[in-house]
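Visitor: I would like to learn how to read a structure like this one. Could we start with the charged side chains?

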Amino acid sequence: MVNRLWQMLLGWGAVGVVYHLTDTFQTAGTVLMPSVIDRMIPFSPGGIWLYLSFFIIIPLAYLTCPAHRLLWLRNAMILTALLSGMVYLLWPTTMVYPAFSEDSLSARMLSALAAVDSRQNCLPSLHMALTVLSVWALSSRHLWKTGLYMLWCLAIGFSILQLRRHLFVDLLSGAGLALGVGALLWRFMLITPSGHKESAHG
């Protein structure tokens with residue numbers, strides 16, 4: 001358990017360092033425009049709770065994934081963060097964030113999130129990328145369990161759009177980056193306890 005917590009600190013912690021350093025040193029971002037899909041999803045602060053479940057699925061992945069996937073997950077998060085950070089510095093992006101006056105617990109939570117989160121670092125979405133990597137680490141031969149994790153991932157993605165924290169293109173790029181990095185590292189470093197490389201289907 002201590003090793004798992006340490007790997008989570010290294011992997012997830014590296015993401016936080018890259019995210020905040022790039023936000024500090026980048027120039028003003030290019031404003032991204034919403035797509036048809038973005039406009040189809042109504043803004044609602046109520047999505048904050050699914051959005052925050054991101055902070056459950058990542059520890060869950062580190063603490064319960066198969067032991068031989070632990071270093072893969074850590075390295076995939078670090079590499080994804082570094083590649084995202086390069087984009088954030090070379091081509092910083094932002095978006096038009098909605099103003100809202102609703103006085104509810106959900107709205108207050110969203111306001112608190114907005115106060116501490118970057119208004120840039122939009123593309124690619126690390127929120128989406130890390131969720132994809134976590135679901136990948138948790139996947140198994142039990143299709144019903146993997147299906148539930150995938151539904152959770154989609155629900156988090158929907159909440160990101162619902163809260164207008166990212167646009168659809170940010171989610172696509174984040175998921176694509178995670179899948180690319182994950183597949184590369186899966187091919188070259190993932191070894192099962194028996195000494196054989198694990199198949200892409202876990």
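Guide: This is a predicted model. The count of salt bridges in it comes to two.

Visitor: How far apart are the closest N and O atoms of R108 and D103?

Guide: A salt bridge needs a side-chain nitrogen of Lys or Arg within 4 Å of a carboxyl oxygen of Asp or Glu. For R108 and D103 the closest N and O atoms are 2.9 Å apart, so the pair qualifies under that cut-off.

Visitor: Is D103 buried or exposed?

Guide: Over 50% relative accessible area is the mark for exposed. D103 has 65% relative accessibility, so D103 is exposed.

Visitor: Which side chain meets D117 in a salt bridge?

Guide: That of R165, with 3.3 Å from N to O. To read such a pair, look at where each partner lies in the chain. D117 is in the loop between helix 6 (105–116) and helix 7 (126–138), while R165 is in the loop between helix 8 (143–162) and helix 9 (168–189). The pair therefore ties together parts that are 48 residues apart in sequence. R165 is buried, because its relative accessible area of 8% is under 20%.

Visitor: Now the rings. How many aromatic pairs does a search of the whole structure find?

Guide: The search finds eight aromatic pairs. One of them joins W12 and F54, with 6.3 Å from centre to centre and 75° between the planes. Planes over 60 degrees apart count as edge-to-face, so that is the label for this pair.

Visitor: Where do W12 and F54 lie?

Guide: W12 lies in helix 1 (residues 2–25) and F54 in helix 4 (residues 54–64), so the pair ties together parts that are 42 residues apart in sequence. W12 is partly exposed at 21% relative accessible area, whereas F54 is buried at 5%. F54 also pairs edge-to-face with F55, at 5.0 Å centre to centre and 90° between the planes. F55 is partly exposed, with 43%. W12, F54 and F55 form one aromatic cluster.

Visitor: What sits over the ring of F188?

Guide: The charged end of R187 does, 5.9 Å from the ring centre.

Visitor: Where does pLDDT stay under 50?

Guide: Over residues 191–195, for which the model has seven contacts beyond four places in sequence. Where pLDDT is low, the predicted coordinates should not be read in detail. The protein chain averages a pLDDT of 93, and 94% of the residues score at least 70.

Notes
Residues are numbered from 1 along each chain as its sequence is written. This is a predicted model: local features need pLDDT of at least 70, side-chain atom pairs count only at pLDDT 80 or more; totals for chains, interfaces and linings use all residues. Side-chain values use heavy atoms; hydrogens and water are left out. Buried means under 20% relative accessible area, exposed over 50%, partly exposed in between (1.4 Å probe, protein chains only). Helices (H or I, at least four residues) and strands (E, at least two) are DSSP runs, numbered from the N terminus. pLDDT is the predictor's confidence in each residue, from 0 to 100. Contact means heavy atoms within 4.5 Å. Rings of Phe, Tyr and Trp (its six-membered ring) pair if their centres lie within 6.5 Å; planes under 30 degrees apart count as stacked, over 60 as edge-to-face and the rest as tilted. A charge sits over a ring if NZ of Lys or CZ of Arg is within 6 Å of the ring centre and within 35 degrees of the ring normal.
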